[in-house]
Amino acid sequence: MPSLTSLANPTRFLALSGAILPWAAAAAALLFAIGLVMALVTSPPDYQQGDTVRIMYVHVPSVTLAMGCYAAMAISALGTLVWRHPLADVSAKAAAPLGAAFTFLGLVTGAIWGKPMWGTWWVWDARLTSFLVLLIMYLGLMALWRAFDDPARAGRIAAVLILVGSINLPIIKFSVDWWNTLHQPASILRLGGPSIHSSMLWPLFVMMAAFAALFVWAWLAAMRAEIYRRRVRTAELVAAHPTALEPRTA
Amino acid sequence: MTVTEAFPALKLKAQDLACSRGGRFVFSGLSFELASGALMAVTGPNGAGKSSLLRLLAGLLRPTAGDIACEGGREDEPVAHYLGHLDALKPAMTLAETLRFWGAIYQQGRVLTDSDLNEAAESVGLGHAIDLPVGVLSAGQRRRAALARLILSPRPLWLLDEPFAALDSQGESLLRRLMGDHIGRQGLIVAATHQALPIPPDTTLTLNTT
Amino acid sequence: MSGFLAIIRQTVRLELRAGGGAAVALIFFLAVVTAVPFGVGPDLKLLARIGPAILWVAALLAALLGLDRLFGADREDGSLDLIIVSGEPLALYALGRAVGHWLATGLPIVVAAPVLGLLLNLDPPAMGAVALTLLAGSPALTLIGTVGAALTAGLPRGGLLIAILVLPLTVPVLIFGVSATTGALSDPEPFLAPFLFLCACSLAALALAPFVAAAALRLALE
């Protein structure tokens with residue numbers, strides 16, 4: 001938005017993020033190269049699950065980021081509503097599709113993992129169900145953003161919903177856990193836990209780091225794209241109303 | 001309704017007002033003062049920000065920069081009536097129900113009686129239609145029904161957006177009389193208009209797109 | 001206060017009169033309940049078992065109807081502008097609209113649920129349990145829906161979007177509602193705990209939703 005103060009900050013952000021982007025991409029590529037070799041080749045198969053356990057190296061980072069993404073959006077939403085930071089709603093909007101993607105990846109890898117373990121693609125397990133609800137919330141938020149044509153207004157409205165969701169998500173999680181214990185006695189194989197051996201822990205750490213680097217790269221890139229998209233929109237508005245570009249002084 | 005005592009003295013001040021919509025400035029650096037008993041006309045071509053200015057003054061928009069102050073008014077008491085392009089009428093409600101509803105919303109410590117409602121409807125020439133659903137009224141009659149809100153509950157500052165648009169000739173003379181009475185009671189009026197007002201304004205604020 | 005009551009009264013009147021949504025919501029509730037046996041088959045034993053859940057899901061879907069008009073109509077016809085200028089607290093306005101909407105659409109569904117329970121082969125205790133849990137839980141559905149309605153008030157067609165936004169938020173209400181109903185009917189399962197959680201959902205929504213809705217309405221207007 002030219003001639004508003006918001007331009008100063010995005011410009012600095014574009015310079016800074018432009019400097020970070022290649023490093024994040026390189027870090028992600030390197031960590032993925034190492035992590036995938038460790039996860040797929042050097043780490044041992046599980047004595048119970050065999051090679052199936054290797055799905056964990058994708059699944060666990062995905063679900064961690066799926067939740068982390070919502071936390072990042074909640075902070076961004078506070079930034080939009082409380083501090084009115086011009087980049088906050090850009091950050092939230094850029095994070096939403098990433099969160100949805102990681103949630104989806106977590107669900108898909110969970111289903112692939114579940115097929116050999118539980119004998120079925122999907123069980124109405126508390127975690128899976130909570131994540132399904134989380135996915136719907138991400139998709140709803142994305143739909144809400146798309147529904148408004150003024151990005152600033154969409155950002156503030158979406159911020160309200162993000163904060164409502166951040167209050168509601170723990171309640172949903174709690175209710176789904178409750179529902180799950182009521183309907184399915186804990187017969188499902190619980191994975192993870194502290195018993196994991198260090199030969200599996202290290203590949204997991206590296207993959208976590210790789211996913212985090214990928215997230216940082218994609219987040220920054222999406223924010224830059226969003227800023228450019230808004231500049232194009234502003235340019236279009238200015239082209240339609242050429243005289244309104246500069247503040248007029250009486 | 002029959003209360004005709006003068007309003008306490010009030011001063012509407014705007015300082016360095018700026019308004020931006022959708023990322024572009026509609027106007028900026030706008031300052032003016034308006035004292036009790038004065039009518040200000042806001043003129044200018046379409047898109048110059050007449051409606052935006054009125055919505056700013058009404059508190060419906062937040063100014064991008066600058067201040068609006070109403071000196072002399074009581075903090076806890078809303079001072080303004082806003083008449084926009086829309087009539088804010090529900091077709092399924094009767095005129096009496098509509099007036100009673102807005103009377104309760106605008107309440108100033110007293111409950112409106114049936115005769116209050118009748119009087120308000122009479123004063124805009126709709127006494128005969130008080131029990132009819134608003135949906136059957138003509139466009140001009142609806143506009144007059146919207147005007148009835150202005151007198152339903154006395155408030156010193158009237159913000160009128162194109163008040164003479166969509167009024168029939170009967171409505172026009174009615175509004176002229178209402179505005180004259182309001183000014184006479186030391187009320188303030190800010191009227192956005194693209195045509196000459198039938199009442200000579202005390203000041204004119206011209207907004208330009210250039 | 002008189003403004004708040006006037007808003008409730010006006011909402012109820014508008015919902016009940018021609019063009020209002022009260023009758024539509026009730027008929028929709030009936031239609032959904034009728035459709036389920038066509039899907040799962042007319043096995044009365046099965047229907048008696050899942051009947052409370054059917055009624056709850058149907059009530060949830062019916063609660064989503066008409067939400068887009070709750071504030072959308074006021075925004076389109078200019079009433080919302082005048083409410084704000086009038087100085088009426090926006091949270092009270094939102095609460096008034098929510099209460100009126102619940103009285104006109106939620107309460108009739110609570111009353112109709114036991115009657116429709118007859119179609120689903122529910123025995124009298126089950127009918128009572130469904131009515132009781134719906135009475136405790138449907139305010140939460142309406143109030144959460146109010147937030148969705150306020151978020152989309154600035155959109156010309158927000159109806160489907162509201163459903164997408166609101167449904168995930170109502171998951172806890174549905175879970176506790178159906179759990180409490182089954183808890184009331186079969187012995188080993190708890191009733192009081194989910195019922196109290198259900199009441200907590202409604203009370204928390206009552207305390208928070210009007211303010212969130214008011215904030216969203218302000219943003220929708222800017």
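Lys93(A) is partly exposed at 23% relative accessibility, where partly exposed lies between buried (under 20% relative accessible area) and exposed (over 50%), with a 1.4 Å probe and protein chains only. The model is predicted: local features need pLDDT of at least 70 and side-chain atom pairs pLDDT 80 or more, while totals for chains, interfaces and linings use all residues. Residues are numbered from 1 along each chain as its sequence is written, chains are lettered from A in the order in which they are written, and side-chain values use heavy atoms, without hydrogens and water.

Lys93(A) makes a salt bridge (a side-chain nitrogen of Lys or Arg within 4 Å of a carboxyl oxygen of Asp or Glu) to Glu226(A), with the closest N and O atoms 3.3 Å apart. Lys93(A) sits in helix α3 (residues 88–118) and Glu226(A) in helix α6 (residues 198–240) of chain A, so the contact ties together parts 133 residues apart in sequence. Glu226(A) is buried, at 3%. Over all chains, the structure holds 17 salt bridges.

In chain B, Glu33(B) pairs with Lys11(B) at 3.7 Å between the closest N and O atoms. Glu33(B) is partly exposed at 47%, as is Lys11(B) at 32%.

In chain C, Arg69(C) and Glu76(C) form a salt bridge at 3.3 Å, N to O. Arg69(C) is partly exposed at 40%, and Glu76(C) is partly exposed at 44%.

Definitions and conventions. Helices (H or I, at least four residues) and strands (E, at least two) are DSSP runs, numbered from the N terminus.
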